[in-house]
Amino acid sequence: MVEQNAKAPNVELVESWDPLSTTESDPELMLAAQRREITNILKSYTGYYDLFAELIQNALDAVDRRRREQPEKTTYQPEIRITINMKQPSVTVVDNGCGMDLQQFRQFTKPNLSYKDGAVTRGSKGVGATFLAYGFNYLAAATTRNSKTYSGLLENGRAWVEDKTQTIPRPKVDPVKAWDSSFDDIDCGSFMQVRLNGPKIRPKDLNWMGASTASQWIAILRATTALGGIYLGTTHPKIKIQVHVISVAGSSSTETMDRPEYIYPHTVLGKTADLREYLEDRKKRVAQNLDVSKVPAKFSQQNGIWGEWSGEEILSENSPINPRIHDDEKALIKELGLRLYCFVGFSTDLWDAYNDDKLKLRKGVRLLRGGLQLATRNMPQGMPILIPMTNNIGFQNLAHVIVHMDNAEPDLGRKGFQPEHTQLAGTLARAAVTAFRKFFDQMVRKSTGVPALQAQMKLEQWIDEQKEHEKKFPLTIKGKGLFAPTEELPIRSLPKVEQDVVALFNQMLSSGLVRGIQLLASSQYEQYDGLFRVDMQEPTSRYIRSETNPLGVEEELFAGSSSIKAGVAILEYKHNLDALVEEFQTGVKNVNDVKLAVVWEMGEKWREDFRILSYLDSDNVHHRPYHGLTHQFLHSTSGQSAFVAVVLSDLVNYLADPINEEARQKKMYADVIDLS
């Protein structure tokens, strides 16, 4: 009890009161407070996938609850139906879960009110339904339970929240039949449909990913919502899931799943190996006194390596991850019930190949990509974040790490986790990628620039495909005076793989189209592809540029010398230069070691680290240091020379049409550093 201050005789004592009571509140103040509360909830939802995530996790929680409440003898089969109508546009989710009674149905959209039953659920803050009702302008809902069905339609929820003039009345639920035929045969469960109309909503339509089929959308939902169930170390629950999509053009497609499961990269990115199995195999070979430096075929030349560990396994003495953490973090790992999954691929081309070639999503969209995916309640939370690497920086984009925390809870509206949880996840992700880096060179195949998910073929299939490739993409290189004794190279089709690049370049050397380069060694098993030297001996006239020798050097190069020789250096072959640049970025290869790159095509990644001087531009040909070179690569920051290259596709184009190709070269590489 507070005593009255004698110096303030006008202070009046009042009875105690409840500051959270709403019975005596001013209605206008309450309405304004509710609007602010809902506005703050909506601000916490910033993702394009939040609409799907909230609808799906509510449905999954509903079927989980009904399964828990069912007697053991019942044969309940959980089912969720998702309809994405891109033409309307709308998203509908129907479940045969626990349903709602009348009181729950009338109040389920209220802020911070949850009817979860106390079990571990995907959502429990009571804001998801509020987001669906007031984050959009159309929410149709229906529920059936104990043979009673209720339904209603709430419209203009978002318009009311955003109304600054206070002229739009607070929307009410109209008790009309709000469901469609997808809900007709449900004996117990719920129907929710959100239509996308009006301003200020996210997403505005359903076209931003470039997906129009059920197979595409089911992949999107597996990567971004609870449909991508993350059950590391446990069994995925069986739930019949149907995804039905109506495209903008009106075409219809349907796909089904028998359980919610995340798109783990090792399941969709081709040939991969489990690091845990490799380490176990190595232990056995050590015990048998076998040579552990030789990697068994089943563990080598992989598209990627992966593994998963519990918190206890991470902290054990035999853990390959072995993170450097203090005692508080060790205790937090145990408290959170943490598990970790790690995948490291041979190239970021894997992400592009899956998104662009397999899923055929909009170019540049990476549904599956490198990064740290935080997860809890058996589902991903938000999109992947950057792995905080301090060394091996290039591996940030090659690795996909999932850190699942059983006992952590994201902030309001699917926002981030507590800072200490996110920091711990980042520390573990960094330790995992660093550990995988130790085995990367032994187990993962080299990036050569060929299609990342190209299937392995039988010999006969390969021969047949190569014949077909020759028909579709013929290649002829010929010209008077270019070759001796013939005027045409024997290779007959455009290079498809790195080996084709090697063959074409060797033919150019043996024919004399490219002169003065000697090959000393080549190997697909060492870190680099081969060794070469430059030896341009007399008669020097055969190396001088002329009309019939357009790849030659300027005569001044031989001033005062009868020959030009250079020491043995490293040569790299690639189909696409992107693969070599990526190996430089990840530290697999050192840019200071490589002196010559022979590739079929230039790619785009060179722009990240280099500038280019084109020797196919007549203004620059006096810089060509020896015969046959097409380009010089310069470090973009210092302007110093990095390596020289023969880009075969550019060379072929130049021989066929020198005027147009030179014009293209000038346009492409106009911003080169001035070497004069």
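## Backbone and sheet features of a predicted model

Lys200 sits in the loop between strand 6 (189-195) and helix 6 (214-224); helices (H or I, at least four residues) and strands (E, at least two) are DSSP runs, numbered from the N terminus. The model is predicted, so local features need pLDDT of at least 70 and side-chain atom pairs count only at pLDDT 80 or more, while totals for chains, interfaces and linings use all residues. Residues are numbered from 1 along each chain as its sequence is written, and side-chain values use heavy atoms, with hydrogens and water left out.

Lys200 has a positive phi, near 70°, although the residue is not glycine. Gln166, in the loop between helix 5 (157-162) and strand 5 (173-174), also has a positive phi and is not glycine; its value is near 55°. Buried means under 20% relative accessible area, exposed over 50%, and partly exposed in between (1.4 Å probe, protein chains only). Lys200 counts as exposed because its relative accessibility is 52%, and Gln166 counts as exposed because its value is 64%.

| Cis peptide bond | Omega | Loop holding the proline |
|---|---|---|
| Gln88 to Pro89 | near -15° | between strand 1 (79-85) and strand 2 (90-95) |
| Glu538 to Pro539 | about 0° | between strand 16 (530-536) and strand 17 (564-565) |

Eight strands form an open sheet with mixed pairing, in the order 5-4-3-6-2-1-7-8. Strand 5 and strand 8 (252-257) are at the edges; each has a single partner strand, so one side of each lacks a neighbour in the sheet. Two strands pair if DSSP finds at least two bridges between them. Strand 4 (residues 148-155) and strand 5 run antiparallel and are joined by two bridges. Leu153 has Asp174, in strand 5, as its bridge partner.

Helix 2 (residues 50-69) packs on the sheet, where it touches strand 1, strand 2 and strand 6, and its direction makes about 10° with that of strand 2. Helix 6 also packs on the sheet, touching strand 1, strand 7 and strand 8, and makes about 45° with the direction of strand 8. Axes are lines fitted to C-alpha atoms, for helices over the stretch in contact, and angles run from 0 to 180 degrees between N-to-C directions. Contact means heavy atoms within 4.5 Å.

Ile246 belongs to strand 7 (residues 240-246). Leaving out residues up to four places away in sequence, Ile246 touches Ile84, Asn85, Met86, Lys87 and Ser251. Thr83 is 163 residues from Ile246 in sequence, yet the C-alpha to C-alpha distance is 7.9 Å.
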